[in-house]
Amino acid sequence: MNSKESQNRNIIEVESLTKKFGSFTAVNSISFNVKKGEIFGFLGANGAGKTTAIKMLCGLLKPTSGQGTVAGYNIATSPEMVKRNIGYMSQRFSLYQDLKVWENFRLFGGIYGMKSRDIESVTAKMLKDLGFEKERNTVVESLPAGWKQKLAFSVAIMHNPAIVFLDEPTGGVAPEARRQFWELIYLASQKGITVFVTTHYMDEAEYCNRVTIMKDGAIEVIDTPQNLKSNYGVNSMDEVFYELAKV
Amino acid sequence: MFGIIGPDGAGKTTLFRILTSLLIPDSGEATVLGLDVVKEFKKIRERIGYMPGKFSLYGDLTVDENLSFFASIFKANIKENYHLIEDIFKDIAPFGKRKARDLSGGMKQKLALSCALIHKPDILFLDEPTTGVDPVSRREFWQMLERLKKQGITIVVSTSYMDEALLCSRIALFKEGSILSYNTPKEMVSSFENTLLAVSGENMPELLKMLRKISIVKSAYSFGAQHHITVEREENKGESDKVENRENVGNGNNIEKTNREIKLQAVIANVTQQLQQMGASSFTIKEIEPTIEDCYLELSSVK
């Protein structure tokens, strides 16, 4: 797959990206690229600067200095274009609980600027792929947690964005649902959607093509899980994380 | 240290509220420290410490004020009981004049735990203390609990992280309001019913699809760098009786072991052959010991 040239296009390019809040440097000159279709794991301890970095990448926060493009748009000068070309999902923000399943699709499709006709056909297709057609008119609140996660992910990619940002998408999700969720991530990646994901489950870090670990606002390492494990001489990403954080 | 393990929505918090006398059960009975949770709620509340999942402190009070407040509610003397929280509180003591809402997540957690402990409770209820906490801080938190346990405090803790189950003396696996299983982590692992194999190879997503097509494979799930598959022990029928005999029979022991080994090798060979037929080339299969997450998956599929 990676032999094709189109697959080697960078969806994220970041150079010396920095964010300061007063005298505090939350993100300190980070640089990295993410390729089209890649599953990119963004890890780090609480307070390492992950959320600030993601907010900048999504066009929600203006960098203090440094450069960045996401899906071909400059995050500092064209944040609105960035927002239109990405998908976003987190544990805290996903679906509207008091709306029906189809209403959520309708609402988000509208926000993403999709045409009504497209929204209808995409909704129908996504519900079919998930096997949720029967739940079309169900109010989201009454669905099991695992289903909500899957729906939220489908909604986040319904406008076929170049990249989807997932901020701890599986926190507190049951073991089986957590795994089914990752299968959806793989499917999206195979369709060419880049996946940028944060997680506290270190087994999920193993599913990423590449992983970066942030510490004190800077990027400590960036590599495949395989290389990270062999570089640190350990058997799991959990141990890599621990080795890095304890220093 | 008793762990209540289950995903969001399993009913963990509701159970905690009943046990801490904050919610009246529809039916059934429960006692905490020998006291009835409905009739003797006042006595229970004096003797327990409760750290709810959501931020339980007063954000507009300082660190010191929060601690004094909780101590005064329980008529506890901070100096007398300081030894209990010293280990935890010493990290936040320098920020005593800071408002609680301005603390970092980790520091809030330490303050909340200190406040729940200051009246020297006999039992401590911690509802999802490590949710959303990174792996390193989680480990530190559990080390803190281990030290509290050594001081003789009973701890009831809930979590959705299955790996934390191993740190508890006993655990209950929770799903949709009922207990799937309730045992020591060790016993739970040894009562795993199927044969568990780990498969790893080059194209993992493809490998998973193939594994699911194999008829003797009951379940196939990804576990980090490996896939875990279960194969029914029917393959090794009668094995459980033999295990009991093992200790008594001198030489027979080896024979049984060999029998088990032969059957295991046959299963592995079977899976290997089928994978090869589907076009998989480089992969490895080996038998492994189940994790608590494997147990949860097995038990919840039966239910």
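Modeller: A:Ala124 counts as partly exposed, at 44% relative accessibility. This is a predicted model, and the value is computed from it.

Colleague: What makes A:Ala124 partly exposed rather than buried or exposed?

Modeller: Buried means under 20% and exposed means over 50%. A:Ala124 has 44% relative accessibility, so the label is partly exposed. The residue lies in helix α4 (residues 116–130) of chain A. Its C-alpha is separated by 9.0 Å from that of A:Trp102, 22 residues apart along the chain.

Colleague: Why is B:Lys110 called buried?

Modeller: The relative accessibility of B:Lys110 is 19%. The cut-off for buried is under 20%, so B:Lys110 counts as buried. B:Lys110 is placed in helix α5 (residues 105–117) of chain B. Leaving out residues up to four places away in sequence, B:Lys110 touches B:Ile88, B:Asp91, B:Ile92 and B:Met144.

Colleague: What makes the pair B:Lys110 and B:Asp91 a polar contact?

Modeller: The side chains of B:Lys110 and B:Asp91 make a polar contact at 2.9 Å. The limit for a pair of N or O atoms is 3.5 Å, with one able to donate a hydrogen and the other to accept it. The 2.9 Å of this pair is within that limit, so the name applies.

Colleague: What surrounds B:Ser300, and why is B:Ser300 called buried?

Modeller: B:Ser300 has a relative accessible area of 9%, which is under 20%, so the residue is buried. B:Ser300 lies in helix α11 (residues 292–302) of chain B. A polar atom of its side chain lies 3.4 Å from the backbone oxygen of B:Leu297. B:Ser300 also touches B:Lys175 and B:Leu180, not counting residues up to four places away in sequence.

Colleague: How many disulfides does the structure hold?

Modeller: There are 0 disulfides over all chains. A:Cys58, for one, is in no disulfide: the nearest cysteine sulfur is that of A:Cys208, 16 Å away. A:Cys58 is also buried, because its relative accessibility is 3% against a limit of under 20%.

Colleague: What makes B:Ala198 buried, and which residues does B:Ala198 touch?

Modeller: B:Ala198 is at 3% relative accessibility, under the 20% limit, so B:Ala198 counts as buried. The residue lies in strand β9 (residues 195–201) of chain B. Not counting residues up to four places away in sequence, its contacts include B:Gln226, B:His227, B:His228 and B:Thr284. B:Ala198 and B:His228 are 30 residues apart in sequence, yet 4.6 Å apart in space, C-alpha to C-alpha.

Colleague: Why are the buried residues of helix α9 of chain A said to be on the same side?

Modeller: In α9 (residues 237–246) of chain A, the buried residues include A:Met237, A:Val240, A:Phe241 and A:Leu244. They cover an arc of only 95° around the axis, which puts them on the same side of α9(A). What covers them includes β9 (210–215) and β10 (218–223) of chain A, together with α6 (135–150) of chain B.

Colleague: Which strands of the open sheet in chain A stand at the edges, and why?

Modeller: The sheet has 4 strands in the order β2-β1-β4-β5, with antiparallel pairing. β2 (24–35) and β5 (73–74) stand at the edges: each has a single partner strand, so one side of each is left without a neighbour in the sheet. Helix α1 (residues 50–57) of chain A packs on this sheet, touching β1 (10–21), β2 and β4.

Technical notes
Residues numbered from 1 in each chain as written. Chains lettered and ligands numbered in written order. Predicted model: local features only at pLDDT ≥ 70, side-chain atom pairs only at ≥ 80, totals over all residues. Heavy atoms only, no water. Helix = DSSP H or I, 4+ residues; strand = E, 2+ residues; numbered from the N terminus. Buried < 20%, exposed > 50% of the residue type's maximum accessible area, 1.4 Å probe, protein only. Contact = heavy atoms within 4.5 Å. Disulfide = S-S within 2.5 Å. Pairing = 2+ DSSP bridges. Axes fitted to C-alpha atoms, helices over the stretch in contact; angles between N-to-C directions. Arc of directions from axis to C-beta.
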